[in-house]
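Dear colleague,

Please find below the structure that I am handing over to you, followed by an account of what was found in it. I would be grateful if you could read the notes alongside the coordinates.

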Amino acid sequence: MAGKIETRLSELRIELPAATAPVANFVPCVQTGNLLYVSGQVTAFNGEIRHVGKVGENISLEEAVQAARVCALNVLSQARAFLGDLDRVVRIVQVQGFVNAVPDYRDHPKVVNGASDLFVEVFGDAGKHARFAVGVGSLPLGVSVEVAAVLEVK
């Protein structure tokens, strides 16, 4: 029987991509106590790298918001693979957003809303979180956004 969160994902018609293996010397998730740290997730969806480019140059705000949403889907995918069940997530504690943008870009928070909005859609009030959104000069594989998160789990 599907859990509460899996049912919610289905109701929202949200498909989680397959959890991917790291491309460097790190693990996707580390749990300490009741906190699960999910490593930075990029804009890959089932092996396809999407949203490659620099926000404000060849990636629009709208596309960057979608890129952040894909990153958030990957955060959930990694959490599900690690925990076995997303119903173990008590709340999203913190979201860390990195935006590959031109130097004078100013809408980093709007970009990372793509991830934040997804977490609230899926978890309701438990999806509300602390966060930062920063601009960076480049990201792995040339993607436009990367998102990491800290989750409280049971």
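**Salt bridges**

Arg 80 is partly exposed, with a relative accessible area of 27%; here buried means under 20% relative accessible area, exposed over 50%, and partly exposed in between (1.4 Å probe, protein chains only). This is a predicted model, in which local features need pLDDT of at least 70 and side-chain atom pairs count only at pLDDT 80 or more, while totals for chains, interfaces and linings use all residues. Residues are numbered from 1 along each chain as its sequence is written, and side-chain values use heavy atoms, with hydrogens and water left out.

Arg 80 forms a salt bridge with Glu 6, and the closest N and O atoms are 3.1 Å apart. A salt bridge is defined as a side-chain nitrogen of Lys or Arg within 4 Å of a carboxyl oxygen of Asp or Glu. Because Arg 80 lies in helix H2 and Glu 6 in helix H1 (residues 4–11), the pair ties together parts that are 74 residues apart in sequence. Helices (H or I, at least four residues) and strands (E, at least two) are DSSP runs, numbered from the N terminus. Glu 6 is partly exposed, at 24% relative accessibility.

A search of the whole structure finds 6 salt bridges. Another of them joins Arg 69 to Glu 121, with the closest N and O atoms 2.8 Å apart. Arg 69 belongs to helix H2 and Glu 121 to helix H3 (residues 108–123), so this pair ties together parts that are 52 residues apart in sequence. Glu 121 counts as partly exposed, at 29% relative accessibility. Lys 128 and Asp 125 also meet through their side chains in a salt bridge (3.2 Å, N to O). Of these two residues, Lys 128 is partly exposed at 45%, whereas Asp 125 is exposed at 59% relative accessibility.

**Overall architecture**

The protein chain has 3 helices and 7 strands, which follow the pattern α-β-β-β-β-α-β-α-β-β along the sequence. Its radius of gyration is 15 Å, close to the 15 Å that the globule rule gives for 154 residues, so the chain is as compact as a globular protein of that length. The radius is taken over C-alpha atoms, and the globule rule is 2.2 Å times the number of residues to the power 0.38. Along its principal axes, the C-alpha trace spans about 45 × 30 × 25 Å.

Buried residues make up 44% of the 154 residues. Of the contacts (heavy atoms within 4.5 Å) with a separation of 6 or more, 83% are between residues 24 or more positions apart. The chain exposes about 7600 Å², of which carbon and sulfur atoms supply 52%; accessible areas come from the Shrake-Rupley method with a 1.4 Å probe, and for residues only the protein chains shown count as cover.

An unreviewed UniProt entry lists residues 6–142 as "domain: Endoribonuclease L-PSP/chorismate mutase-like". UniProt positions are given in the numbering used here, feature names are shortened, and annotations may be inferred rather than shown by experiment. The end C-alpha atoms of residues 6–142 lie 31 Å apart, and the span is 33% helix and 25% strand.

**Individual residues**

Gln 78, in helix H2 (residues 61–83), is buried, with a relative accessible area of 6%. Leaving aside neighbours within four places in sequence, Gln 78 is in contact with Ala 19, Thr 20, Pro 28, Cys 29, Val 38 and Gln 41. Gln 78 and Tyr 37 are 41 residues apart in sequence and 10 Å apart in space, C-alpha to C-alpha.

Lys 54 is found in the loop between strand E4 (48–49) and H2. Not counting residues up to four places away in sequence, Lys 54 touches Ile 59, Asn 100, Ala 101, Val 102, Val 136, Gly 137 and Ser 138.

Most residues other than glycine have a negative phi. His 51, however, has a positive phi of about 55°; this residue is in the loop between E4 and H2 and is buried at 17% relative accessible area. Leu 141 likewise has a positive phi, of about 65°. Leu 141 sits in the loop between strand E6 (130–136) and strand E7 (145–153) and is exposed, with a relative accessible area of 57%.

Yours sincerely
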